[in-house]
Amino acid sequence: MQHILTSAEPHDQRSHDLRPHDWPALDDAVHHGQRLFRQLLSAMAEPGTIEEVSLSPLPEGVGLSRAAWGVLLALCDLDSRIWISNELNRDGMAEAIAFHTGARIVTQADQADFALLTSQSCQDLPSFAEGSDTHPDRSTTLLVVLETLANAKGQPSNNTGCWRLSGPGIADTRMLELDASAEVLMTRLKANSGSFPRGLDTILTCSERLVAIPRSTRIEPLAGMASMDQAAVCAEENA
């Protein structure tokens with residue numbers, strides 16, 4: 001008799017049984033892909049601006065965000081190399097990526113065109129490719145899954161931090177509220193300014209939302225890991 005999964009079965013068993021075609025494809029390979037690509041271009045051109053991705057829901061319980069999956073579908077092809085952090089490398093994700101995009105999964109971080117991470121895996125970042133002065137495009141783009149991603153409007157909670165972005169594509173400043181655990185990642189991205197044009201481009205995602213932080217963006221921590229006075233600055237910036 002065919003085995004039928006029930007809600008009482010452990011998540012690991014349900015995840016193990018996920019097949020590549022259980023992961024959603026683009027609604028229309030051409031037009032939907034073009035729409036996602038335009039959203040990504042807009043996000044890169046205006047760092048800190050939140051874009052919302054339209055995509056069918058992912059299988060229940062998977063670790064990846066809908067926005068990060070949409071980025072993979074829009075940008076990856078047979079020539080792409082993807083590195084996946086250990087906590088995300090489950091739910092049949094590697095097989096689904098290969099099935100839907102043809103991209104190749106790599107185990108060496110510095111060989112990756114794209115890297116899938118969470119804020120937890122960012123606590124000890126591997127050595128990703130940062131390009132060179134003559135070929136800055138030969139760098140890894142980070143796709144990070146967060147629990148909190150919003151435009152900061154006031155004092156962050158105890159579990160979040162506030163960051164001010166400035167630079168190309170930002171008229172004055174933009175403020176982001178992120179997981180407190182994203183501090184290590186944002187501190188690393190802040191260091192991009194010292195090695196430009198080399199560096200890491202990053203796309204932060206949460207559910208269906210995404211924000212791009214290209215290597216040219218200047219980053220400053222404001223609140224969440226600091227004082228009430230800094231939180232007031234964060235609120236004032238977004239008033």
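**View 1. The largest pocket has a volume of about 310 Å³.** In this predicted model, local features need pLDDT of at least 70 and side-chain atom pairs count only at pLDDT 80 or more, while totals for chains, interfaces and linings use all residues. Residues are numbered from 1 along each chain as its sequence is written, and side-chain values use heavy atoms, with hydrogens and water left out. A pocket here is an open set of points on a 1 Å grid over the protein atoms alone, with protein on both sides within 12 Å along at least five of seven lines. The points are joined across faces, edges and corners, and the volume is the space filled by probe spheres set on them. Lining residues have an atom within 4 Å of a point. For this pocket there are 21 of them, and Leu75, Asp113, Phe114, Thr141 and Asp201 lie nearest its centre.

**View 2. Here is what makes up the lining of the largest pocket.** By class, the residues divide into 9 nonpolar, 5 polar and 7 charged. Nonpolar covers Ala, Val, Leu, Ile, Met, Phe, Trp, Tyr, Cys and Pro; charged covers Asp, Glu, Lys and Arg; the others, Gly among them, count as polar. Both α2 (31-45) and β9 (201-206) supply at least two residues of this lining, and the largest share, 4 residues, comes from α2. Helices (H or I, at least four residues) and strands (E, at least two) are DSSP runs, numbered from the N terminus. The chain has 6 helices and 11 strands.

**View 3. Histidine 32 belongs to helix α2.** Histidine 32 counts as buried, at 1% relative accessibility. Buried means under 20% relative accessible area, exposed over 50%, and partly exposed in between, using a 1.4 Å probe and protein chains only. Of the 239 residues of the chain, 46% count as buried. Setting aside residues up to four places away in sequence, histidine 32 touches Leu26, Asp27, Ser54 and Leu55; a contact means heavy atoms within 4.5 Å.

**View 4. The structure holds 1 cavity of 30 Å³ or more.** A cavity is a set of grid points where a 1.4 Å probe fits but cannot get out. About 30 Å³ of space lies in the largest cavity. Look for Leu36, Gln39, Leu40, Val53, Ala67, Gly70, Val71 and Leu210, which line this cavity. Helices α2 and α3 each supply at least two residues of the lining. The lining has 6 nonpolar, 2 polar and no charged residues.

**View 5. Helix α3 is largely enclosed by the rest of the structure, because 7 of its 10 residues are buried.** Those buried residues are Ala67, Ala68, Trp69, Gly70, Val71, Leu72 and Leu73. Alanine 68, in helix α3, has a relative accessible area of 0%. Beyond its neighbours within four places in sequence, alanine 68 is in contact with Leu143, Val145 and Thr205. Alanine 68 and leucine 210 are 142 residues apart in sequence, yet 7.8 Å apart in space, C-alpha to C-alpha.

**View 6. Tryptophan 69 is also part of helix α3.** With 0% relative accessibility, tryptophan 69 counts as buried. Not counting residues up to four places away in sequence, tryptophan 69 touches Trp23, Pro24, Leu55, Leu58, Leu64, Ala96, Ile97 and His100.

**View 7. The largest nonpolar core has 33 residues.** A nonpolar core is a set of buried Ala, Val, Leu, Ile, Met, Phe, Trp, Tyr and Cys residues joined through side-chain atoms within 4.5 Å. Trp23, Leu64, Trp69, Leu72, Ile82, Ile97 and Leu116 have the most contacts inside this core. Two or more residues come from each of α2, α3 (66-75), β2 (81-84), α4 (93-101), β4 (114-118), β5 (141-145) and β10 (209-213). The largest share of this core, 6 residues, comes from α3. In soluble globular proteins, nonpolar side chains tend to be buried together.

**View 8. Isoleucine 97 has neighbours that include Trp69 and Leu116.** Also touching isoleucine 97 are Leu72, Ile82, Ile84, Gly102, Ala103 and Ile105, where residues up to four places away in sequence are not counted.
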